[in-house]
Amino acid sequence: MNPPADLLPGTLDLLILKAASLGSLHGYGILLRIEQISHGALLIEQGALYPALFRLVRQGLLKASWGTSDNNRRAKYYELTTAGRKRLREEQDGWNRLVAAMGSVLGAEPEEA
Amino acid sequence: MKPLGYLKSIMSTLFRGAAADSELDEEFRAHIERHADDLERSGLPRGEAERRARMAFGGYEKAKEGCREQRACFWLETFWADVRFGLRLLRKAPAFSLTVIFILGLGIGANTAVFTLVHALLLKSLPVTKPDQLFRVGDNEQCCVNGGLEGSWSLYSYDLYKHLRDNTPAFEQLAAFQAGQENVGVRRMNNNAPAESRVSEFVSGNYFQTFGIGAFAGRVFTAEDERPGATPVAVMSYRAWKEKYHADPSIAGTAVAINSLPFTIVGIAPPGFFGDALRSNPPELWIPLAFEPQVHGSNSLLTQWDDNWLNVTGRLAPGAQPKQIETQMTTELRQWLERPGSMLTQADRTELPHQVIRLTPGGSGVKSMREAYQDGLTLLLWATAAVLLVACANLANILLARATARHREFSVRAALGASQVRLVRQAFSETLLLSLLGGAAGLAIATYGTRSILQLAFPNRYVPIAAAPSWPVLLFALALSLVTGFLSGTVPAWLASRTQPIEALRTATRATRAHSQWVQPALVILQSALSLVLICAAGLVVQSLRNIRNQNFGFDDDGRYIAVFDPQMAGYKPEQLDTLYHQLREALLQIPGVQSVSYAMYTPMSGNNWEGSINVEGRHTDNDQAVFTRVGPAYFDTLGTKILQGRPITEQDSATAPPVAVVNEQFVKQFFNGQSPLGHHFGPSGEKYSRSLEIVGVSENTNYWSPDEPIRPMYFVAAPQAIPRDTPEDEVSEQRSLYMRNIVLRTSASVPELEKHVRSVLGQINPDLPVMELFPLAQQIQRNLDQQQMIARLMTLFGLLALTLATVGLYGVTSYGVERRTNEIGIRMALGADRVNVVGMVMRTVGLQSVAGLAIGVPLTFAAGRVLESRLFGVHAFDLAIFAVATFALALSALIGGFLPACRAASIEPMQALRNE
């Protein structure tokens with residue numbers, strides 16, 4: 001397992017959007033899925049999750065609705081809206097561009113004299 | 001987010017708060033349970049799984065708060081919560097709350113009261129339609145009848161007004177109204193009650209139209225009412241109708257007798273309209289100019305080309321440029337002055353290019369009262385601002401003490417997850433709550449205060465200023481409360497922002513922090529400095545008042561009385577006057593206690609005078625101006641004015657004797673260079689009159705205006721000695737001057753029922769000759785001083801208020817300091833310090849603070865003194881006596897404020913103190 005990486009500020013929203021894009025989930029489920037698909041490399045502070053979820057709901061990128069979970073308990077389910085999907089695509093593109101740029105900078109070799 | 005969604009969010013925030021909270025709880029708990037389930041599945045016992053899950057979740061309350069913050073309009077919810085909490089706190093500490101609200105109420109109330117007056121007198125427009133379209137023709141205040149050229153014109157004769165009105169189409173309406181105030185006798189035709197005196201004003205037919213005022217009942221004047229030969233009508237003011245005629249619905253249309261002439265009241269002006277200027281005793285009756293000749297009889301001014309007695313204001317057409325109109329009207333003025341038949345002298349012609357007309361904004365009315373009160377009100381405004389600052393500093397100190405005591409509470413809040421911003425917001429909300437409550441209290445105090453100030457400034461007179469708060473005043477009070485809250489609240493808020501959550505765990509109440517240690521003394525020093533400045537300023541104002549009062553006015557007021565009467569109202573013709581005066585004098589001398597009686601046109605300090613050009617024989621100039629009055633025999637003796645050379649006016653100066661005059665010192669100084677003028681001659685304007693009057697005496701300078709005005713050259717002529725004049729206008733003028741309006745009496749001791757005796761004497765001579773007023777001369781002087789006295793009293797009050805607040809503040813801070821240093825004092829006493837040492841230690845701190853306050857206060861006082869020196873009468877910027885008194889007061893305050901806590905410190909038991917860890 002890779003050593004856990006620190007979360008860059010601002011990326012939590014992107015992770016949540018991605019996790020929610022893979023299906024409607026409640027809060028705990030989103031947490032699990034992020035940890036799962038990052039192979040344990042990204043650990044989210046649980047307390048920070050919910051304010052971020054609420055923020056995304058307020059911004060119209062997620063939609064929240066109450067439902068019954070698998071073990072017959074009430075849970076609030078979050079799913080991506082159209083605007084959310086669009087934002088996810090934009091953020092993903094931006095992230096990829098950033099990674100490419102960082103990569104080319106960090107991969108530069110010292111010039112031969 | 002879409003606007004609809006946002007709106008729904010706001011609604012849900014405001015109305016579903018509790019439900020939303022329980023939803024959060026449910027969600028979080030479900031999350032923790034699921035995590036616990038997972039952990040249990042991986043082998044942990046249930047209890048351990050649940051504990052781990054809860055810990056893994058992190059800050060529960062913090063997460064909840066984070067979610068709540070995401071709701072729209074969240075700040076409103078928190079503000080409301082803070083307010084509710086603040087109210088609870090206030091209820092639990094009623095003494096504290098009431099004290100604070102009271103202090104704030106005083107500070108805000110004083111400011112609001114003064115602002116009410118400032119607004120009414122200096123800022124507000126007249127209650128008329130579109131006041132910004134109104135322009136006054138003239139830029140200075142003159143009253144009440146002028147002759148000759150004015151330079152920058154502000155008073156106009158009726159003919160000149162008509163000329164301007166008819167030739168300036170840029171003015172949609174141009175109205176003229178009497179500059180002075182007048183009393184007329186009014187009697188209803190249907191009963192035999194005696195005539196009552198009412199304040200009246202002559203106005204042009206378009207007066208009400210110019211101001212855009214309609215009638216409350218009946219109708220107002222139109223241009224028709226100004227035609228000669230129209231039916232005599234009058235309009236009554238709303239207040240007169242309400243107060244003096246008890247809102248009698250039959251008034252409109254009734255016939256009344258005004259000065260024994262038949263008139264009809266055609267209408268009542270709307271409530272709130274008090275005329276063209278803010279003044280005390282506003283007009284109760286408006287009468288068209290066309291009827292002035294009837295009412296004034298031979299004293300009529302209407303047809304006098306040369307008597308300028310009307311103010312002129314008009315409504316400019318939209319788009320008209322005042323500057324252009326000014327030039328146009330100046331040309332019209334000069335044309336009128338040079339018209340064929342005008343009596344311009346050579347000197348006048350050289351002055352012609354200097355005759356101008358200037359337009360000034362007329363929306364706030366004629367400014368005489370405004371100018372008179374401007375300085376005083378500005379001073380009061382500064383003083384109340386200083387008092388408010390002192391109150392704020394007091395409040396800040398109190399709040400600081402309380403915040404320090406509550407630091408554990410704030411630490412707990414921080415530990416529970418409140419952010420810095422949140423804590424600061426809470427601190428500010430609580431302070432704001434206090435200051436808004438203080439503002440409400442302040443409004444009540446202000447209403448009462450304004451009423452009292454009005455009574456002090458205008459005793460026994462009516463001024464159309466409402467004491468109850470109007471919208472601008474309410475807004476001012478609100479703004480002031482907010483500013484106060486902000487100023488006082490910064491310190492506790494700043495403290496709140498530095499909260500350390502770990503403090504929640506500490507049990508020691510040693511809440512000493514380096515920064516709070518200098519803030520409190522600094523505020524106390526500020527208070528002392530401000531109090532010093534206020535007290536010194538008050539001292540200067542009081543001194544100025546004393547200086548004014550103690551001047552030698554040129555007469556004695558001891559036992560002197562003035563009776564105002566109006567022979568014209570009773571219908572006397574000029575040739576009957578002399579006999580009347582002699583009758584009066586003889587009859588009045590019969591009253592026991594009356595030592596001397598005389599009569600005059602004007603009396604000292606009445607503010608009234610008649611100024612005109614004179615021609616002194618030998619001085620070949622037309623520019624000499626002097627004031628004159630007619631007096632009866634024994635006038636100077638009755639008043640107590642000394643005759644320095646020659647003789648006074650006596651009985652021998654009858655209608656057939658050669659006309660003589662007595663002049664004052666200023667006259668001699670200005671026209672005779674100090675040489676004896678006895679035997680020389682002078683006369684009214686015109687070379688041919690330069691030998692009309694022979695100077696037979698010189699009197700000391702007497703003030704016939706107001707206490708702070710300079711003495712003008714003045715001459716006194718005998719009552720019956722009219723000088724024959726060439727032109728009809730001059731003759732009318734001369735005849736008009738034969739009417740005496742004042743009787744002066746000198747009494748030996750207090751004469752009981754003097755007024756009744758005087759009235760009966762006049763009544764016996766002629767029942768139509770009422771005594772309009774009788775009062776001691778001292779009262780006439782006092783009327784001039786009312787304003788100064790009010791300001792002096794208020795300044796003293798504010799100074800004392802500031803000093804009291806500063807003392808209370810000092811007491812509070814010193815007590816607090818003693819409490820904080822209880823340990824230290826205990827240790828000192830255990831080590832051998834006795835009670836005296838302890839008291840000395842405390843008083844030393846107090847002394848240092850006071851000295852620091854003095855140090856800061858002295859330059860401020862000096863600066864204030866410099867500013868006041870130019871506005872007050874005969875005071876110096878730095879008056880040692882006043883400063884000594886102020887320093888003494890400050891020292892006393894320090895003593896009182898510091899001594900009790902010092903004694904308390906001295907009575908500390910060392911063992912008790914040491915145990916108080």
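This is a predicted model: local features need pLDDT of at least 70, side-chain atom pairs count only at pLDDT 80 or more; totals for chains, interfaces and linings use all residues.

Me: What makes the contact between H2(A) and H3(A)?
Reply: H2(A) brings Gly27(A), Tyr28(A), Ile30(A) and Leu31(A), while H3(A) brings Gln46(A), Leu49(A), Tyr50(A) and Leu53(A). By class they divide into six nonpolar, two polar and no charged. Gly27(A) is one of the residues in this contact, and Gly counts as polar, so the class of Gly27(A) is polar.

Me: Why is the pair Glu26(B) and Arg74(A) called a salt bridge?
Reply: The closest N and O atoms of Glu26(B) and Arg74(A) are 3.3 Å apart. The cut-off is 4 Å between a side-chain nitrogen of Lys or Arg and a carboxyl oxygen of Asp or Glu, so the pair qualifies. Across the interface of chain B and chain A, the rule finds one salt bridge.

Me: Which helices of chain B supply at least two residues each to the side that touches chain A?
Reply: They are H2 (17-41), H3 (46-57) and H4 (60-69) of chain B. H2(B) gives the most, with twelve residues. By class, that side of chain B has eight nonpolar, four polar and eight charged residues.

Me: How much area is buried between chain B and chain A?
Reply: About 2000 Å², with carbon and sulfur atoms giving 52%. Glu27(B), Arg34(B) and Gln70(B) supply 34% of what chain B buries against chain A, more than any other three residues.

Technical notes:
Residues are numbered from 1 along each chain as its sequence is written. Chains are lettered from A and ligands numbered from 1 in the order in which they are written. Side-chain values use heavy atoms; hydrogens and water are left out. Buried area is the accessible area (1.4 Å probe) that two parts lose on being put together, summed over both. Helices (H or I, at least four residues) and strands (E, at least two) are DSSP runs, numbered from the N terminus. Contact means heavy atoms within 4.5 Å.
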